[in-house]
Amino acid sequence: MSESLRYHCRHFANSKMYIEIDEGSGFCFGVTRAIENAEEILHSGQQLNCLGDIVHNGIECERLRQLGLKTIDHDDLCQMQHSTVLLRAHGEPPSTYITAQRNDIKIIDATCPVVLALQKRIKKKYTELKQSGTMGSIVIFGKKGHAEVLGLVGQTEGTAIVIEHPEDARQLDFSHDIYLYSQTTKSLDEFHLIIDYCKEHISHDATFQSYDTICRQVANRMPHICNFATKHSVVLFVSGRKSSNGRVLFEACKANNPNTYLIEGPDEIQLSWLKGADSIGICGATSTPKWLMEQVGQRIRQQL
């Protein structure tokens, strides 16, 4: 572990306090790629718009805003002409590309390759079902309204069924074929619960197929971060509160270490949380920049 990720501080009672920043936390590949694309364009002096927050972390979004990145929404996109727009890692439905082409908007497509591959798989299956006239449902395990899920549902012209929790599988029509996919950042364990339920209830006259489309870089963080949480007296989980992935990982940390606290940045640290602790673990979501976790560690070192 590099020294930049390791701190030793004086505790309240002058005993040594150990602070560790989780090396496995931080931006996933897709987010890193999107931000690098944005920085490259902004550093060249060009104007750049991003459709939605480039990452679900307010502090990182503010840093990029200071560099000149402007965040827009879909209503803005419909009104824009002759501009450059970055599509973030979450991906977009086909309608976004149609609007951009109509309005002469240059698209910088930073859709995560894993998400892009999933979009293509769902679109291919939907096209097959539509052309054959087969009675079947494309089901997506994901968070309703999430940007990635909206992009996936868009591949089916809005016909896909979205279920958010394993128990929601009870609402499915098992008399017809079911093709199950998952948002890339969902829980692998919950996905398998849905698969098991569908296999048990699908009609003998219908087909059930599942496609494991969960990103392993994200899925593997769950067991890692649970283990990390058990190694420390107190855990500070650094994440934007709008991050879906952050909420899931935070709850996992909390379940393994009740002394886990969610913060967006150094200013939210409460010294009362740290009293009596001999070690502090700092970790975060796939949308949390490493530099922000390091700032949290520096703030603790300065205040203790």
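Trainee: What makes the crossing of α5 and α6 right-handed?

Mentor: Keep in mind that this model is predicted. A crossing counts as right-handed if the near helix is turned clockwise from the far one by less than a right angle. α5 passes α6 in that right-handed way.

Trainee: Why are α5 and α6 called roughly parallel?

Mentor: Look at the angle: the axes of α5 (residues 113-132) and α6 (residues 147-154) cross at roughly 30°. Angles under 35 degrees count as roughly parallel, so α5 and α6 are roughly parallel to each other.

Trainee: How do you know which residues of α5 and α6 meet?

Mentor: Contact means heavy atoms within 4.5 Å. By that cut-off, V115, L118, Q119 and I122 in α5 meet E148, G151 and L152 in α6. By class, this contact has four nonpolar, two polar and one charged residues.

Trainee: Now the pockets. What makes a residue part of the lining of the largest pocket?

Mentor: A lining residue has an atom within 4 Å of a pocket point. For the largest pocket, 24 residues pass, with C28, V31, H90, T185 and T286 nearest its centre. About 340 Å³ of space lies in this pocket. Its lining has 11 nonpolar, 12 polar and one charged residues.

Trainee: And which helix gives the most to the lining of the second largest pocket?

Mentor: That's α10, with three residues. The second largest pocket holds about 190 Å³ of space. Of its 13 lining residues, K186, S187, L188, A219 and M222 are the closest to its centre.

Note on methods. Residues numbered from 1 in each chain as written. Predicted model: local features only at pLDDT ≥ 70, side-chain atom pairs only at ≥ 80, totals over all residues. Heavy atoms only, no water. Axes fitted to C-alpha atoms, helices over the stretch in contact; angles between N-to-C directions. Helix = DSSP H or I, 4+ residues; strand = E, 2+ residues; numbered from the N terminus. Parallel < 35°, antiparallel > 145°, perpendicular 65-115°, else oblique. Nonpolar A, V, L, I, M, F, W, Y, C, P; charged D, E, K, R; others polar. 1 Å grid on protein atoms, 1.4 Å probe; cavity = no way out; pocket = protein on both sides within 12 Å on 5 of 7 lines; lining within 4 Å. Points joined across faces, edges and corners; volume = space filled by probe spheres on them.
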